[in-house]
Amino acid sequence: MSSSTNDTALQIYTTGLRNQHAVENQAIELLSRQVDRLENYPEMEARMRQHIQESQAQAHRLEELLASLDTSHSFLKDAALSLAGNMAAMMHTVAPDEVVKNSFANYAFEHFEIASYKSLLVLADAVGRGSDQSALQQSLGEEEEMAKWIDSHLADTTRRFLQRSAAGVKAGV
Ligand SMILES: [Fe+2]
């Protein structure tokens, strides 16, 4: 690659890391908002609390990758955070069936993160930062596990919501 192509690639990679850092912070915030309302879904609460901790570690990994890049480049000052706001709009915190709708949103959110980390892995390779890949791979694996968990519990969550609705109890959470 020419040096200007290199600069462009590094800029794209760096922006991707910063965006994902914003997404992790958003994930922590959104999950934290949900966990306190899951007293009737204790398994989900426990899994989500685990993923909050994982997301904090993921954010920290991204901070370390960003810190190891040459921050003297002016483009590092750019932060594209609007994306995180869009993700937040997917959450349904007031609907009576919030636990079900939040499952949809969390499932989508995890897949957004999976796609982001897969893309970052390619970019890391393209800019010659193969040493970044194990950190990115670790986070990717955690997102995949979380997505799998949501997927495998969607049927149970829906049934539990139905049972609670039919019993006339506060069904959503
Ligand atoms: Fe994450």
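## Helices H1 and H2

The axes of helix H1 and helix H2, the latter spanning residues 42-68, approach to within 9 Å and cross at roughly 155°. Angles over 145 degrees count as roughly antiparallel, and H1 and H2 are therefore roughly antiparallel to each other. The crossing in which H1 passes H2 is left-handed. Sorted by class, the residues in the contact of H1 with H2 are 12 nonpolar, 10 polar and 5 charged.

These descriptions, like those that follow, refer to a predicted model.

## The chain as a whole

How many helices and how many strands does the protein chain have? The chain has 5 helices and 0 strands. Read from the N terminus on, its elements follow the order α-α-α-α-α. The protein chain contains 173 residues, and buried residues make up 45% of them.

## The iron site

Which protein residues supply the donors of the iron ion? The donors come from Glu24, which is listed with two OE entries, from Gln58 through OE1, and from Glu113 and Glu143, each through OE. These donors lie 2.0 to 2.6 Å from the iron ion. Along the sequence, the donor residues follow the spacing E-x33-Q-x54-E-x29-E.

Are Glu24 and Glu143 buried or exposed? The cut-off for a buried residue is a relative accessible area under 20%. Glu24 has a relative accessible area of 0% and is therefore buried. Glu143 also has a value of 0%, so this residue is buried.

Helix H4 comprises residues 98-126, and its axis comes within 14 Å of the axis of H2, with a crossing angle of roughly 25°. Angles under 35 degrees count as roughly parallel, so H2 is roughly parallel to H4. The crossing of H2 and H4 is left-handed.

H4 also packs against H5, at an angle of about 160° and with the two axes 9 Å apart. Because of this angle, H4 is roughly antiparallel to H5. H4 passes H5 in a left-handed crossing. The contact of H4 with H5 has 16 nonpolar, 8 polar and 7 charged residues.

Thr14 is located in helix H1. Its relative accessible area is 2%, and Thr14 is therefore buried. What does the side chain of Thr14 reach? At 2.7 Å, this side chain reaches the backbone oxygen of Leu10. The C-alpha atom of Thr14 is separated by 9.0 Å from that of Leu65, although the two residues are 51 residues apart along the chain.

Leu120 is found in helix H4. With a relative accessible area of 2%, Leu120 is buried. Leu120 and Leu17 are 103 residues apart along the chain, and a distance of 7.3 Å separates their C-alpha atoms.

Gln53 has its place in helix H2. An exposed residue has a relative accessible area over 50%, and Gln53, at 59%, is therefore exposed. From C-alpha to C-alpha, Gln53 and Ile28 are 8.2 Å apart in space, while in sequence they are 25 residues apart.

Ala115 has its place in helix H4. Is Ala115 buried, partly exposed or exposed? Ala115 has a relative accessible area of 46%, so the residue is partly exposed. In sequence, Ala115 and Glu143 are 28 residues apart, and their C-alpha atoms are 9.8 Å apart in space. Glu143 is one of the residues that provide donors to the iron ion.

Notes
Residues are numbered from 1 along each chain as its sequence is written. This is a predicted model: local features need pLDDT of at least 70, side-chain atom pairs count only at pLDDT 80 or more; totals for chains, interfaces and linings use all residues. Side-chain values use heavy atoms; hydrogens and water are left out. Donors are N, O and S atoms within 2.8 Å of the metal (3.2 Å for Na, K and Ca); water is not among the atoms, so sites may look incomplete. Buried means under 20% relative accessible area, exposed over 50%, partly exposed in between (1.4 Å probe, protein chains only). Axes are lines fitted to C-alpha atoms, for helices over the stretch in contact, and angles run from 0 to 180 degrees between N-to-C directions. Helices (H or I, at least four residues) and strands (E, at least two) are DSSP runs, numbered from the N terminus. Angles under 35 degrees count as roughly parallel, over 145 as roughly antiparallel, 65 to 115 as roughly perpendicular and the rest as oblique. A crossing is left-handed if the near helix is turned anticlockwise from the far one by less than a right angle, and right-handed if clockwise. Ala, Val, Leu, Ile, Met, Phe, Trp, Tyr, Cys and Pro count as nonpolar, Asp, Glu, Lys and Arg as charged, and the others, Gly among them, as polar. A polar contact is a pair of N or O atoms within 3.5 Å; within protein, one must be able to donate a hydrogen and the other to accept it, and residues adjacent in sequence count only if both atoms are side-chain atoms.
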